[in-house]
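Read it beside the model.

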Amino acid sequence: MSHAPAASALVPTHCPYCSLQCGMNLRASGTGSVEVVERPDFPVNRGALCGKGRTAPAVLSSRVRLTGPLVRRPATGRLEPATWEEALRATADGLRRTRAVHGADAVGVFGGGGLTNEKAYALGKFARVVLGTSQIDYNGRFCMSSAAAAHNRAFGLDRGLPFPLEDIPRTGCVVLVGSNLAETMPPALRYLTELKENGGTLIVVDPRRTRTAEQADLHLAPRPGTDLALALGLLHLVVAQGRTDEEFIRERTSGWEEARAAAMAHWPELVERITGVGVPQLRAAVGMYCDAPAAMVLTARGPEQQSKGTDTVGAWINLALATGKAGRPLSGYGCLTGQGNGQGGREHGQKADQLPGYRKLDDPAARAHVAEVWGVDPDSLPGPGRSAYELLDALGGDVKALLLMGSNPVVSAPRAAHVEERIRALDFLAVADVVLSETAALADVVFPVTQWAEETGTMTNLEGRVLLRRRAITPPENVRSDLQVLHGLAALLGHEKGFPTDPEEVFGELRRASAGGAADYSGITYRRLEEENGVFWPCPETGEGEGGGSHPDPGAGPSDGPGPGPGPGPASDDGSGSGSGSVPDTHPGTPRLFLDRFATADGRARFVPVVHREAAEETDAEYPVLLTTGRVVAQYQSGAQTRRVPELNTAAPGPFVEIHPHLAARIGVADGEPLAVVSRRGRAVAPARVTEAIRPDTVFMPFHWAGEGRANTLTNPALDPTSRMPEFKVCAVRLETTTDARMR
């Protein structure tokens, strides 16, 4: 069915993909087509879009998306068209039956980092109030959970970036660790280009010479899994060279002596042996970073997706604190969140241990506050449940039924073949998605749900800027929103009230539930988001004093800008997205955190002593090569949507194995020839891509594809003890050519 335009004028909205949430305008035609038009007034991307954003309307086509519910028929064993009533009743019956026989925790819920804040909030409420289960988590656990844990441990608050992106070009030095943003979020590359144009320097840490690393003044290429040792080695040199900021350490931090002692055990020559990064490069990096009057450290999945990811990020935070380059204008540590709502998705309740407002589920006061908003007894709320991989691993065992929204773990989870087996072992699986993903294809019921251009809702980008996506077109007749799915299921399960389908009404309840929490959205309204191009949290309902009302002080007054501090060029705040135009008693939002104090009880940042340890799986005689994984510019995450766009598939048609010429020559594989990569968990086959851009001891595979080239068949689910993040970024493998395969 054609899409009827909701309005003839341009509709300002945001891209459906990464955490930049680039602004765009949509124009709907009377024939059902949708055109993307640049939106230069939005400050994050200033009109620029990557190929994924530009081609996003292609997935709205009925040729590639789900257009009606599907139910698996016992007679045929196949998914076949069904009515909404049939699909909802089948799901309600499956969940009810499982609870009755096996208990509430036998039902699991798995969410996604692309869900709007309203959907993530409603999903967490549905799990805990309607199902009464503790078994809920989401795929954002695989994205930035280690950085979040390190943020909370050091600063008392987790927001991906404690400053807006616009500050990056005005600092003096950026250390970018494990991010290839030239491919993962191309419009953000301009910030690094402008940094260099302003006289700043760029250090990139990555085992591959990526498109981003090519822009660097200094590229450090450590062995995968050794980022922790690298950060400790740099801090050792800072101390040895007398370049610590003793006044900042004394006045604004705690725990320095223990962290200092731990770092001093990692002398430069030892770090060179561990990482492969030479001592002269280590000294050069310290010089660039310390010579800059202001500097930033930004991490992404490289150091975070490790079994020691929390400690690794903590080591980089220690470096920033020891040099006084945190909690000051144009300085700090930040995480480049990956998924579109990876920030908001971890704030409002779809995470195993959380309640809305970034409250902790095991905090009695938090439980009481949220229970009052929900109209339930605090004691009725279940406690914390399993983390994402642990939940997936329990499927078919303790967890018999699963409701899954907006995720494709058959492709995206570590040890993916095992996860697929566990999903197949479920008694019942219901999936809500926009396309028939590899995971949806295994379901008993599939709900076709609306997409970004067909619905209104809020997202929170990597800066902590809450944004409003606006509905531009009418969805196909037999497609409903995730909120309608939850409303329908809740009603069938005895909760006819409490799950509205209007996103603004849901957001109003979210505001009340988040009030007074770390991620306080109570002062944010749809009207403000429309008028102000987004609002940074925390934003309590009133703007009296620092942080406003009862909100825990995040370390910056509501109107704090960077001031005239250090760095190239002036550092005035232009107020973009921070609440300009608000009435006087309205909190303007908090674009910059920690300038006066950190969000800990005593206002001090905490050093955490950490020491290097090996990856969970190191190389040996049987598996002598390291595998690392990542993304390419033309695909996104599990590829469920982007693999359905012809233009993107032309640019990135399939998986590959990036391999150094020396290693390729040693095993006898030529560029383009099939190469098998084998780990202790399985085998993947893809064409070799021979390049000097990677270390000779390492191979790289992108993880966007299913089938025999599925990179996550190989990856290691070893978990970080704090964040429960799997070790996607390093595992031991062996390589087999087609000749080897025939001999086997």
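A disulfide is a pair of cysteine sulfur atoms within 2.5 Å. By this rule the count in this predicted model comes to zero disulfides. Local features need pLDDT of at least 70, side-chain atom pairs count only at pLDDT 80 or more, and totals for chains, interfaces and linings use all residues. Residues are numbered from 1 along each chain as its sequence is written, and side-chain values use heavy atoms, with hydrogens and water left out.

**Cysteines**

Cys-15 is in no disulfide. The nearest cysteine sulfur is that of Cys-50, 6.0 Å away. For Cys-290, the closest cysteine sulfur belongs to Cys-173. That separation is 9.1 Å, too far for a bond. Buried means under 20% relative accessible area, exposed over 50%, and partly exposed in between (1.4 Å probe, protein chains only). Cys-15 is buried, with a relative accessible area of 7%. Cys-290 also counts as buried, at 11%.

**Ala-240**

Helices (H or I, at least four residues) and strands (E, at least two) are DSSP runs, numbered from the N terminus. Ala-240 lies in helix H7, residues 227–240. Ala-240 counts as exposed, at 55% relative accessibility. The C-alpha atoms of Ala-240 and Met-264 are separated by 8.5 Å. Along the chain, these two residues are 24 residues apart.

**Helix packing**

Two packed helices are described by the angle between their axes and the distance between the axes. Axes are lines fitted to C-alpha atoms, for helices over the stretch in contact, and angles run from 0 to 180 degrees between N-to-C directions.

| Helices | Angle | Axis distance |
|---|---|---|
| H14 (residues 364–374) and H19 (residues 503–514) | about 155 degrees | 9 Å |
| H2 (residues 84–102) and H18 (residues 482–492) | about 55 degrees | 9 Å |

H14 is therefore roughly antiparallel to H19. H2 and H18 are oblique to each other. Angles under 35 degrees count as roughly parallel, over 145 as roughly antiparallel, 65 to 115 as roughly perpendicular and the rest as oblique.

Contact means heavy atoms within 4.5 Å. From H14, the contact with H19 uses His-369, Val-370, Val-373 and Trp-374. H19 supplies Glu-509, Arg-512 and Ala-513. These residues divide into four nonpolar, one polar and two charged. Here Ala, Val, Leu, Ile, Met, Phe, Trp, Tyr, Cys and Pro count as nonpolar, Asp, Glu, Lys and Arg as charged, and the others, Gly among them, as polar.

In H2, Trp-84, Leu-88, Arg-89, Thr-91, Ala-92 and Arg-96 meet H18. Their partners in H18 are Val-485, Gly-488, Leu-489 and Leu-492. This contact divides into six nonpolar, two polar and two charged residues.
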